[in-house]
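Here is a friendly walk through some side-chain contacts and strand pairings, meant to be read with the structure open beside you. Take the sections in any order you like.

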Amino acid sequence: MFSRLKKWIGAPEPPPGQAAVSSPSTPQAVKEENKDDKEPPKKEDEKKEEEMKDEAKTEEPKKEETQPVSVFSENVPPPPAVYSHYTDDILRNVVKCLRERKEILKEKVIDPYATSPEITPPVTPILKKDNYIRLKEEERIAKEEADKKKAEEAAKNAEEKKKKAEEKRLEAEKRAEEERLAEEARKVAKILPDINYSCFDIFFHPIETKMDSILGTTIDPFTDRRYITWLTVVAVAYNYNVWFCPARLAFPYHNPTINPLWIFFDIASDMVNVIDIIIWQPRLQFVKAGDIIKDRAMAKVHYRKSQRFKADIFSILPFDLLCLHFGLSSIYRLNRFIKIESFFEFSDRLESIMAKAYIWRVARTTGYLLYMLHLNACVYYVASVHQGLATTTWVYDGNGTAYLRCYYYAVRSLINIGGLPEPVTTFEISFQMANFFIGVFVFSSLIGQMRDVIGAATAGQTYFRASMDGCVAYMNTYRIPKIVQNRVRTWYNYTWAAQGMLDESELLDKMPLVMKTAIAVDINLATFQKIALFQGCDQQMLVDMLLRLKSIIYLPGDFVVKKGDIGKEMYIIKSGAVQVVGGPDNSIVFVTLKAGSVFGEISLLQSAKDGGNRRTANVKAHGFANLFVLEKKDLFDILVHYPESQKVLARKGRKLTKAKGPAAAKTNEEKQKGLTLFGQKPPTPKLLKAFASICKLKKAAE
């Protein structure tokens with residue numbers, strides 16, 4: 001009975017180690033079993049109702065009664081039969097969990113913001129493919145913009161920090177420079193204290209006012225040719241002092257006959273220096289904190305506070321007045337040598353305005369050499385007088401012109417030519433040895449300087465020859481035909497003769513953008529403004545295009561473009577002429593284009609569709625032609641920043657393309673050729689024609 005009941009309710013076997021509860025162990029239990037066996041089994045519906053009632057009771061498990069309840073009690077329902085405590089515990093736990101989950105879900109329905117015990121998975125939006133792609137693209141773009149903004153902010157912050165650090169550094173350097181200058185000024189003030197020149201200003205004020213109408217209130221020291229001319233006069237006065245003072249001091253050139261002449265030239269040179277100090281130097285413009293100061297009062301104050309003013313004042317102090325007591329001598333004019341800065345300024349300004357500055361450099365270096373020989377001749381004459389004229393074979397014997405004889409000795413001695421008379425005394429030997437050492441040092445320095453000057457003057461020619469020789473060696477190595485080699489040599493020679501360099505871009509690359517723009521605008525802007533295609537475009541766009549131009553030289557007979565080539569460039573004729581030719585052997589000249597003309601501009605805006613960017617004619621150089629070339633890639637890079645000009649060019653390009661007859665005719669011809677592939681349309685059969693006519697008659701009758 002028990003086994004059948006167990007099989008009927010499907011109770012699981014108890015786990016090992018746990019005794020079955022349903023096993024009868026006492027007689028009383030056996031009797032109860034027998035009674036249960038005698039009772040008819042309950043229906044399944046009644047059992048299900050009892051199970052539902054048990055589940056509705058309290059969650060706490062009932063305690064097992066120590067004493068079995070009588071099944072015959074009328075008020076108390078019989079307890080459910082438990083066949084396995086293990087199974088019963090599992091079921092009760094499951095029921096308990098389900099009830100707890102049910103309560104939580106009820107609260108969730110009532111309060112949507114209540115937390116869930118489980119992690120909610122991310123909700124995938126239900127979107128169409130295009131919308132989803134667009135959403136992802138917008139998210140990507142937003143992220144890129146955010147990253148770009150962060151990078152810009154970081155770069156901006158870094159730039160600000162760098163700028164602040166640079167400002168601090170410049171401020172510190174400026175402060176240190178001001179302290180240094182102040183310290184130098186204090187040191188110099190002990191030697192040359194500042195003097196109040198108010199009395200001199202009152203005296204010279206009428207002269208300064210009158211010169212304002214002639215020279216202007218201020219003068220640009222770098223570009224004003226009048227100032228450079230005046231510096232020439234100052235340099236002549238300075239050279240008079242540095243050349244004649246040593247000669248007058250060494251040689252016996254002072255006598256009653258010639259002294260008035262010396263006095264006249266001395267006064268003239270001193271007047272030049274005084275005029276320079278009073279009229280010219282106080283009018284020179286100067287730069288302060290990046291600004292050009294053009295106020296005469298400030299320029300005067302600036303000059304009087306400079307070290308040059310104090311040196312100029314010291315150089316014109318009239319020590320010559322001592323000649324009234326001690327006799328005429330040029331030793332009192334040696335302070336004129338201090339004005340050497342004016343000579344160097346004259347040299348720099350002259351180099352800046354000369355087309356071939358190396359000529360002046362060579363002349364200046366030669367002057368240094370002659371002046372060193374001049375000083376040596378003066379010293380040799382003084383040494384001869386000290387030893388006694390004609391006392392030995394080494395000293396000057398007193399015959400002939402003293403200066404020429406002594407200068408001849410200085411040339412042979414300093415240049416180490418040899419053939420000099422042997423020195424006799426110790427003084428003569430020491431003097432000659434010193435001459436040899438000084439000559440080696442001085443002349444080696446001057447010769448080296450001369451070599452640098454000449455090398456710098458011919459550096460361009462040397463580069464040209466080296467480039468041409470390398471190209472010729474390359475052509476000989478690969479056995480290039482002589483005709484091609486001759487054309488290459490012609491190109492080198494003409495390019496160098498025409499523009500003095502092989503590539504103009506090498507020179508322009510070293511200039512700042514402002515200078516390159518100024519040169520390009522001055523040369524080609526007027527030509528660009530005349531081009532119909534570019535009229536109405538942004539002026540700044542034209543300037544940017546000018547900076548992208550490249551200069552190319554074509555030899556006589558060279559084809560610039562050929563019919564059928566891909567058009568990638570536009571050409572502007574800088575110098576020379578080109579011809580548009582045609583015919584079987586290109587012997588027919590349709591038109592000749594000269595300097596300032598433009599061709600090939602339409603190909604910049606045509607696409608490769610239907611061969612629209614193909615050249616329609618042959619263009620060759622008539623003589624030597626120097627052309628500016630603008631590539632299509634450079635134009636498109638520029639148009640990115642000028643959308644309005646891009647629209648204007650596109651509109652004009654379409655108009656010019658439509659107005660171009662040969663291209664339209666060619667398109668129509670190509671279309672006709674395409675239709676011929678299908679042949680002519682066959683005629684309609686007669687039967688179909690008759691049927692169609694009958695249908696028309698019926699419709700008319702109706």
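This is a predicted model: local features need pLDDT of at least 70, side-chain atom pairs count only at pLDDT 80 or more; totals for chains, interfaces and linings use all residues.

## A buried charged pair

Because E208 belongs to helix α6 (residues 198-215) and K300 to helix α9, the pair ties together parts that are 92 residues apart in sequence.

## One side of helix α9

Which residues of helix α9 are buried? Across residues 296-304, they are R296, A299, K300 and Y303. They sit on the same side of α9, because the arc they cover around the axis is only 100°. As a general point, an α-helix has 3.6 residues a turn, so residues three or four places apart point the same way.

The N-terminal end of α9 has a cap, provided by D295. A side-chain oxygen of D295 lies 3.3 Å from the backbone nitrogen of A297.

## Salt bridges elsewhere

The count for the structure comes to 33 salt bridges. In general terms, side chains of opposite charge can pair when their charged atoms come close. One of these bridges stays within a single helix: E171 and R175 both lie in helix α5 (residues 129-191). They are four residues apart, which is about one turn of the helix, and their side chains meet at 3.2 Å, N to O.

Another salt bridge brings together the side chains of R361 and E351, at 3.6 Å from N to O. R361 lies in helix α13 (residues 357-387) and E351 in helix α12 (residues 340-353), so this pair ties together parts that are ten residues apart in sequence. R361 counts as partly exposed at 28% relative accessibility, whereas E351 is buried at 19%. There is also a network, in which salt bridges that share partners join R248, D266, D270, D320, R333 and R336.

## Aromatic rings

Now for the rings. How many aromatic pairs does the structure hold? The number is 28. One aromatic cluster is formed by F251, Y253, Y381, Y396, Y403 and Y407.

A ring can also have a charge over its face, and F559 is an example: K562 lies over it, at 5.3 Å from the ring centre.

## Strands that pair with β8

Strand β8 (residues 618-631) runs antiparallel to strand β3 (residues 550-554), and five bridges join the two. Within this pairing, I552 stands opposite L627 in β8. Strand β5 (residues 569-582) is also antiparallel to β8, with eleven bridges joining them. There, M570 has L630 of β8 as its bridge partner.

Strand β4 (residues 559-561) pairs with β8 as well, in the antiparallel sense, over two bridges.

Note on methods. Residues are numbered from 1 along each chain as its sequence is written. Side-chain values use heavy atoms; hydrogens and water are left out. Rings of Phe, Tyr and Trp (its six-membered ring) pair if their centres lie within 6.5 Å; planes under 30 degrees apart count as stacked, over 60 as edge-to-face and the rest as tilted. A charge sits over a ring if NZ of Lys or CZ of Arg is within 6 Å of the ring centre and within 35 degrees of the ring normal. Buried means under 20% relative accessible area, exposed over 50%, partly exposed in between (1.4 Å probe, protein chains only). The arc is that of the directions from the helix axis to the C-beta atoms. A polar contact is a pair of N or O atoms within 3.5 Å; within protein, one must be able to donate a hydrogen and the other to accept it, and residues adjacent in sequence count only if both atoms are side-chain atoms. A salt bridge is a side-chain nitrogen of Lys or Arg within 4 Å of a carboxyl oxygen of Asp or Glu. Two strands pair if DSSP finds at least two bridges between them.
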